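Thanks for asking me to look this one over with you.

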Amino acid sequence: MIRVMLVDDQALLRAGFRMVLGAQPDIRVVAEAGDGAAAVEAARSAEVDVVLMDVRMPVMDGVEATRLICAAGERPRVLILTTFDLDDYAFAALKAGASGFLLKDVPPSDLISAIHSVHSGDAVVAPSTTRRLLERFAVHLPSPGVVEQAALGGLTAREREVLVLVARGLSNVEIADRLDLAEATVKTHLGRVLAKLSLRDRAQVVVYAYEAGLVTPHSAG
């Protein structure tokens, strides 16, 4: 059972999501909040696996709430809900630790699929959208190579290859094919990359690789 918290200042929107998710046998809405501060408090007291987080809310916005929730531990994972896919808030939320973002008018099937993906540790950001986001906000990224080289030095050559390919948007299956490896081996390498660099998931790998200068918006294709 995947336990979900809904965070949005519009009660009607929360009700719509609750109706969609309530029809799923393996998803249960266990908490709701109308602003970021209430979401942070609820995340401390409720057993939650995935948070559907709005970004523009009173009291505390979704970016700050995401940062506080993600800083507290591995769970829950945060999925940002936004009105526009190229959004300053969406980019800031990825930096804050979100596992991805969706448009608010996403079809129900895509919403359910995204919740399953985030719960299993995958990111929910289309590679093309990620590239456009990072290209648009590249001015806010540090100069290439600012990320601690000592951390990158702790990766094996193969782990570094996997990191770059994940950042370019390839799936585990595509990486396995590219490197002539078993998919399980790719998962193992990715797990080690996440552990060594203290990253939560693929979304964080993307941001890290751009900040390290390993991938640029124009090279990610």
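1. A word on terms before we start: helices (H or I, at least four residues) and strands (E, at least two) are DSSP runs, numbered from the N terminus. On that basis the chain has 11 helices and 5 strands. Please keep in mind that this is a predicted model. Of the 221 residues in the chain, 48% count as buried. Take the contacts between residues at least 6 apart in sequence: 70% of these join residues at least 24 apart.

2. Strand 1 (residues 2-7) and strand 2 (residues 27-33) run parallel, and 6 bridges join them. To find your place in this pair, look for methionine 5, which stands opposite alanine 31 in strand 2. Helix 1 (residues 11-22) belongs to this picture too: together with strand 1 and strand 2, helix 1 makes a right-handed β-α-β unit.

3. Now for a loop residue. Aspartate 49 sits in the loop between helix 2 (36-45) and strand 3 (50-54). Is aspartate 49 buried or exposed? Aspartate 49 counts as buried, because its relative accessibility is 8% and the cut-off for buried is under 20%. Setting aside residues up to four places away in sequence, aspartate 49 touches Met1, Ile2 and Arg3, then Arg75, Pro76 and Arg77, and also His119.

4. Two residues deserve a look for their backbone angles. As background, most residues other than glycine have a negative phi. Valine 59 has a phi near 70 degrees, a positive value in a residue other than glycine. Valine 59 lies in the loop between strand 3 and helix 3 (62-71), and is exposed, with a relative accessible area of 71%. Aspartate 180 is not a glycine either, yet has a positive phi of about 60 degrees. You will find aspartate 180 in the loop between helix 9 (172-179) and helix 10 (183-197), where aspartate 180 counts as exposed at 72% relative accessibility.

5. The axes of helix 9 and helix 10 come within 8 Å and cross at roughly 105 degrees. Helix 9 and helix 10 are therefore roughly perpendicular to each other, since angles of 65 to 115 degrees count that way. Which residues of helix 9 and helix 10 meet? On the helix 9 side they are Asn172, Val173, Ile175 and Ala176, and on the helix 10 side Glu183, Val186, Lys187 and Leu190. By class, the residues of this contact divide into 5 nonpolar, 1 polar and 2 charged.

6. Helix 8 (residues 157-167) and helix 11 (residues 202-211) have axes that come within 8 Å and cross at roughly 100 degrees. That makes helix 8 roughly perpendicular to helix 11. Helix 8 brings Leu163, Val166 and Ala167 to the contact, while helix 11 brings Arg202, Val205, Val206, Tyr208, Ala209 and Tyr210. The contact of helix 8 with helix 11 has 8 nonpolar, no polar and 1 charged residues.

7. Zoom in on one member of that contact. Valine 166 lies in helix 8 and is buried, with a relative accessible area of 3%. Not counting residues up to four places away in sequence, valine 166 touches Ile175, Leu190, Arg202, Val205 and Val206. Valine 166 and alanine 203 are 37 residues apart along the chain, and their C-alpha atoms are separated by 9.0 Å.

8. How many residues of helix 11 are buried? The count is 10 of its 10 residues, so helix 11 is mostly covered because buried means under 20% relative accessible area. Among them are Gln204, Val207 and Glu211. Just after helix 11, glycine 213 takes a positive phi of about 75 degrees.

9. Finally, look at a lysine that reaches helix 11 from elsewhere in the chain. Lysine 95 lies in helix 4 (residues 88-96). With a relative accessible area of 37%, lysine 95 is partly exposed. Leaving aside neighbours within four places in sequence, lysine 95 is in contact with Val207 and Glu211. The C-alpha atoms of lysine 95 and alanine 203 are separated by 8.9 Å, although these residues are 108 residues apart along the chain.

Terms used:
Residues numbered from 1 in each chain as written. Predicted model: local features only at pLDDT ≥ 70, side-chain atom pairs only at ≥ 80, totals over all residues. Heavy atoms only, no water. Axes fitted to C-alpha atoms, helices over the stretch in contact; angles between N-to-C directions. Parallel < 35°, antiparallel > 145°, perpendicular 65-115°, else oblique. Contact = heavy atoms within 4.5 Å. Nonpolar A, V, L, I, M, F, W, Y, C, P; charged D, E, K, R; others polar. Buried < 20%, exposed > 50% of the residue type's maximum accessible area, 1.4 Å probe, protein only. Pairing = 2+ DSSP bridges. Right-handed = clockwise from strand over helix to strand, strands pointing away.
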